[in-house]
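Biologist: Could you take me through one part of this model slowly, the place where the ligand sits? I would also like to hear about the sheet and the helices that go with it.

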Amino acid sequence: MKEQWGTDLMKMERILPFAKSILKKAVQPGDIAVDATLGNGHDTVFLAELVGETGKVFGFDVQMEAIRSSEERLQQNKLTERVTLFHAGHEQLSLMIPSEWQGKITGAIFNLGYLPGSDKTIFTRPETTIAAIEQLLEWMAPEGIIVLVIYHGHEQGAVERDSLLEYCQQLDQKRAHVLQYQFINQQNNPPFIVAIERR
Ligand code: SAM
């Protein structure tokens with residue numbers, strides 16, 4: 001994950017390091033994790049390191065280019081054996097992940113928007129993101145955490161942000177704890193995080 005916003009010193013954790021910190025808390029060696037938006041596979045490598053040799057990561061992307069790029073990155077890091085990549089939308093999660101893993105997923109990340117340097121007409125959409133979150137809430141272990149990194153600087157990003165915030169705010173507090181982590185005085189709409197912990 002590459003942090004692009006601000007290079008000055010700061011004690012408070014920036015957005016992408018914060019995403020990693022929560023995932024580190026949620027995902028232990030031997031666990032099952034999901035990268036819902038593979039892109040170039042940076043998050044997949046991070047999750048594969050967290051689950052260790054005995055764990056497993058499932059990755060999704062609708063672009064073949066993302067599957068190839070992630071595969072290459074995993075090979076470079078010698079992590080392919082603990083990762084299964086699906087050329088499919090994350091909304092198909094419960095169809096694609098074998099049912100033996102139901103109830104065992106402890107962490108998932110959605111890095112939303114479009115893949116930088118790639119086809120800008122292919123981007124994540126609130127309907128499919130929400131469908132995948134709903135499935136994850138059924139498939140996760142208690143205390144499993146879903147991290148959404150929301151990029152709202154582009155037009156569709158703002159639409160996605162509004163739909164996701166509306167959905168997340170109405171999630172039953174008996175079902176999940178929902179956190180928003182955001183710098184609120186920065187210019188150019190930097191990304192922010194919504195984290196959902198299953199109860
Ligand atoms: N985390 C990635 C990385 O480390 O490079 C960046 C992810 S990029 C911002 C968003 C990705 O979501 C794109 O590769 C895009 O193809 C993918 N995407 C869009 N709709 C999707 C869907 N329904 N299911 C899975 N991936 C999707």
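Modeller: Happy to! A polar contact here is a pair of N or O atoms within 3.5 Å; within protein, one must be able to donate a hydrogen and the other to accept it, and residues adjacent in sequence count only if both atoms are side-chain atoms. With that in hand, a polar side-chain atom of Glu-91 lies 3.1 Å from a nitrogen atom of the ligand. For Asp-43, a polar side-chain atom is 3.0 Å from a ligand nitrogen, and the side chain of Gln-63 has an N or O atom 2.8 Å from a ligand oxygen. The protein covers 94% of the 610 Å² of accessible area that the ligand has on its own (Shrake-Rupley method, 1.4 Å probe).

Please keep in mind that this is a predicted model: local features need pLDDT of at least 70, side-chain atom pairs count only at pLDDT 80 or more, and totals for chains, interfaces and linings use all residues. Residues are numbered from 1 along each chain as its sequence is written, and side-chain values use heavy atoms, with hydrogens and water left out.

Around the ligand are 24 residues (a heavy atom within 4 Å), and the closest are Asn-40, Asp-43, Asp-61, Gln-63 and His-90. By class, this shell has 9 nonpolar, 12 polar and 3 charged residues; Gly counts as polar. Helix H2 (42-51) and strand E2 (56-61) are the elements that give two or more residues to the shell; helices (H or I, at least four residues) and strands (E, at least two) are DSSP runs.

Now to the sheet. It is open, with 7 strands in the order E3-E2-E1-E4-E5-E7-E6 and mixed pairing, where pairing needs at least two DSSP bridges. Strand E3 (83-87) and strand E6 (176-181) are the edge strands. E1 (residues 32-35) and E4 (residues 105-111) pair in the parallel sense over 4 bridges, with Ala-33 opposite Gly-107 in E4.

Finally, helix H6 (residues 155-169) lies across E5, E6 and E7 (contact means heavy atoms within 4.5 Å). H6 runs at about 30 degrees to E7, with angles from 0 to 180 degrees between N-to-C directions of axes fitted to C-alpha atoms, for helices over the stretch in contact.
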